[in-house]
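Please keep the sequence and the structure in view while working through the numbered points.

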Amino acid sequence: MARHLNSSEVDYGKPVRRILVGGLILFCFALFLLWRIDSPRVERFRANLVDRVVPSFEWASVPLAHFAGMVEDFQSYQRIYHQNQDLRRELQQMKAWKEAAVQLEQQNAKLLALNKVRLDPKLTSVSGLVVADSGSPFRQSVLLNVGQRDGIMDGWATMDGLGLVGRISGVGNNTSRVLLLTDAASRMPVTIQPSGQRAILSGDNTAAPAIEFLEDLDSIKPGDRVVSSGDGGVFPPGMLVGQLALGPDGRYRVWLAADYEQLEFLRVLRSHHGEVVSDTGGLIVPPQPVPVDPDATAEAEQPAEAGDG
């Protein structure tokens, strides 16, 4: 009786698993051979098999595609979260810098008031809105909504929040036109720092105007700062223009600091003609009155009296 009970409790799972594993191995081997046989009949059989089997597995690919999309969305959300955290930290730093800048500005204003410093009138400006551009590849200019009513004069320099943009080349009552530095008719004297070499920024209707009339190429390198030199009296000196770069044509060009892709507001810098100094020595020592000799004055009056008698 015990033997009968033991025989009824025999585990048939292991033989079944072995048979299934052996059958799976044989199926894989047969499938491998089927895909390795180079025969036209087998090729047609493979094509028919693929046409029948693959479409029936589309239901299995849909969940996989949705799962892959969920993984990508999660990764994108994670990146957005990290970027948001970075932006929050940068915003906090900018708030701290803004507070420091406000304090420095107030302190600077107090010091200027104590020292009675007179600022250069060229630093004052009139802000205007860009209402239209030229729309032509052969002329680079924009139109501002400020004109003679706002005191704008022809030739004044304009800039955005980063660097110089151009100069006023036509003034109406309510509008004025700005000739950009990229225009082919634009020529501007500049200074390359730190070498101090002077050159001409020549517009050629490209985003990076060329530098001309360079004397010493060895003293400059890409990345140098380019500022206005002030020669000619049109542009104030020391205003940022951009950075020096070596173009694909082998010429030195300037990557402009102004954002020409988003010219919305421009500042027109007031420029006043300076006082013309004819006597340079008068700036150092004021002119002294000519001393008068009393004897010579008396001798000059005596002949006049005798003639009267």
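**Note on the predicted model**

1. Asn-205 counts as partly exposed because its relative accessibility is 26%; buried means under 20% relative accessible area, exposed over 50%, and partly exposed in between, with a 1.4 Å probe and protein chains only. Asn-205 is found in the loop between β7 and β8 (210–212). Its phi is near 65 degrees, a positive value in a residue other than glycine.

2. On the source: this is a predicted model, in which local features need pLDDT of at least 70, side-chain atom pairs count only at pLDDT 80 or more, and totals for chains, interfaces and linings use all residues. Residues are numbered from 1 along each chain as its sequence is written, and side-chain values use heavy atoms, with hydrogens and water left out.

3. The secondary structure of the protein chain comes to five helices and twelve strands. These are DSSP runs numbered from the N terminus: helices are H or I with at least four residues, and strands are E with at least two. Of the 309 residues in the protein chain, 22% are buried. The accessible surface comes to about 22800 Å², and 59% of this surface belongs to carbon and sulfur atoms; such areas come from the Shrake-Rupley method with a 1.4 Å probe, and for residues only the protein chains shown count as cover.

4. Strands of a sheet pair through backbone hydrogen bonds, either parallel or antiparallel. Here a closed barrel of six strands runs β1-β2-β5-β4-β3-β12, with antiparallel pairing. The twist averages 45 degrees from one strand to the next; axes are lines fitted to C-alpha atoms, for helices over the stretch in contact, and angles run from 0 to 180 degrees between N-to-C directions.

5. Strand β3 (residues 157–159) is joined to β12 by two bridges, with Met-159 opposite Arg-267. Two strands pair if DSSP finds at least two bridges between them.

6. Leu-143 may be followed across two pairings. Three bridges join β1 to β2, where Ala-132 stands opposite Leu-143. Strand β2 (residues 141–144) also pairs with β5 (residues 176–180) over four bridges, and the partner of Leu-143 in β5 is Arg-177.

7. A nonpolar surface patch is formed by Leu-24, Phe-27, Leu-31, Trp-35 and Val-50, with about 500 Å² of accessible area together. Helix α2 (residues 13–36) gives the largest share, four residues. Leu-24 lies in helix α2 and is exposed, with a relative accessible area of 54%.

8. A cis peptide bond joins Gln-193 and Pro-194, with omega about 10 degrees. Phe-213 has a phi near 60 degrees, a positive value in a residue other than glycine.

Terms used: Patches are made of residues with over 30% relative accessible area and no salt bridge: like charges are joined within 9 Å, nonpolar side chains (Val, Leu, Ile, Met, Phe, Trp, Tyr) within 5 Å. A salt bridge is a side-chain nitrogen of Lys or Arg within 4 Å of a carboxyl oxygen of Asp or Glu.
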